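Let's take a walk through a protein model together. Have a look at the picture, and then we'll go from the whole chain down to single residues.

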Amino acid sequence: MKRFDPDVLDPARREVLRLLGSVAAAGMLGCSGNGARAASESTPIASSSPSGSSCVVRPQQTEGPYFVDEKLNRSDLTIDPLTGLARPGVPLSLAFRVSRTSAGICGPLVGAQVDVWQCDALGIYSDIGGTTPSKFLRGFQVTDASGNVRFSTIYPGWYAGRAVHVHFKIRSNAGAVSRFEFTSQLYFDESITDLVHAQAPYNTHGRRDTTNQRDGIFASG
């Protein structure tokens, strides 16, 4: 199985990639100095910084049954480290800026661990329920001095009862004095999902049965 080369994609897929460029970045997530309190917030709040930026605490959502703490420190999630093969799908870049607020000031949260996990183009998670060990589409990065991490992955497929989504978890590093954990999910514009899922290999899985608006977890957030 070979990695997709964007330079040889057909015109329709190039258009998908162009559209993805406008939605690939995740929004800011704010965590206060008291991490336990920040992780339990269910109402979004914003705090302005002197530079005019803002920190937003987004609603926490369920971890779900498919999180496995693989401890894979990597930015490219497409490769299965057990086989060296890339999972097929339309390339997707995810960018997180993780922030914290203290005394009304918003700034980068440095050294936080950001885990990402998702299903593949056919709605399958690695390391769950199968007999063959696998670790594709899972990994973490640690935020830099600006609170940023980036991942290379593929656009997710779907499975019954859920809208198209990507899971993420943000945790303080092991040596932090104040420990926190925040778990939530990212969702996608339905029109872009339609374009992506019309391509192979997504189209071999049929039409998804749940949109954002029909997904109970999406609605709760």
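Among contacts in the protein chain between residues at least 6 apart in sequence, what percentage join residues at least 24 apart? The figure is 73%.

## The chain as a whole

Keep in mind that this is a predicted model. The protein chain has four helices and ten strands. Reading from the N terminus, the order of elements is α-β-α-β-β-β-β-β-β-β-β-β-α-α. The chain has 221 residues, and 45% of them count as buried.

Four strands make up an open sheet, lined up in the order 7-6-9-10 with antiparallel pairing. Strand 7 (138–142) and strand 10 (181–187) are at the edges; each has a single partner strand, so one side of each has no neighbour in the sheet. From one strand to the next, the twist averages 20°.

Let's zoom in on how the strands are joined. Strand 6 (residues 113–117) and strand 9 (residues 165–171) run antiparallel and are joined by five bridges. Asp 115 has Lys 169 of strand 9 as its bridge partner, while Trp 117 is partnered with His 167 in that strand. Strand 9 also connects to strand 10, again antiparallel, through seven bridges.

## Strand 9, covered up

How many of the seven residues of strand 9 are buried? Seven of the seven are, which leaves the strand mostly covered. In a regular strand, side chains alternate between the two faces of the sheet. You can follow that pattern here: His 165, His 167, Lys 169 and Arg 171 point one way from strand 9, Val 166, Phe 168 and Ile 170 point the other way, and all are buried.

## One side of helix 3

An α-helix has 3.6 residues a turn, so residues three or four places apart point the same way.

Take helix 3, where Ile 192, Thr 193, Val 196 and His 197 are buried. These residues cover an arc of only 125° around the axis, so they sit on the same side of helix 3.

Is Glu 70 buried or exposed? Its relative accessible area is 16%, and the cut-off for buried is under 20%, so Glu 70 is buried. Leaving out residues up to four places away in sequence, Glu 70 touches Asp 127, Ser 134, Lys 135 and Arg 138. With Lys 135 there is a polar contact, side chain to side chain, at 2.7 Å.

Lys 71 lies in this loop between strand 3 and strand 4 as well. Lys 71 has a relative accessibility of 61%, so this residue counts as exposed. Leu 85 is also found in the loop between strand 3 and strand 4, and at 40% relative accessibility Leu 85 counts as partly exposed. Leu 85 and Phe 136 are 51 residues apart in sequence, yet their C-alpha atoms are 8.9 Å apart in space.

Most residues other than glycine have a negative phi, and most peptide bonds are trans. Which residues go against that here? Lys 71 is one of them: its phi is near 60°, a positive value in a residue other than glycine. Leu 137 isn't a glycine either, and its phi is positive too, at about 55°. Leu 137 lies in the loop between strand 6 and strand 7, and with 0% relative accessibility it counts as buried.

Then there's the peptide bond from Ala 200 to Pro 201, which is cis, with omega near 0°. To find Pro 201, look in the loop between helix 3 (190–197) and helix 4 (216–220).

Terms used
Residues are numbered from 1 along each chain as its sequence is written. This is a predicted model: local features need pLDDT of at least 70, side-chain atom pairs count only at pLDDT 80 or more; totals for chains, interfaces and linings use all residues. Side-chain values use heavy atoms; hydrogens and water are left out. Buried means under 20% relative accessible area, exposed over 50%, partly exposed in between (1.4 Å probe, protein chains only). A polar contact is a pair of N or O atoms within 3.5 Å; within protein, one must be able to donate a hydrogen and the other to accept it, and residues adjacent in sequence count only if both atoms are side-chain atoms. Contact means heavy atoms within 4.5 Å. Helices (H or I, at least four residues) and strands (E, at least two) are DSSP runs, numbered from the N terminus. Two strands pair if DSSP finds at least two bridges between them. Axes are lines fitted to C-alpha atoms, for helices over the stretch in contact, and angles run from 0 to 180 degrees between N-to-C directions. The arc is that of the directions from the helix axis to the C-beta atoms.
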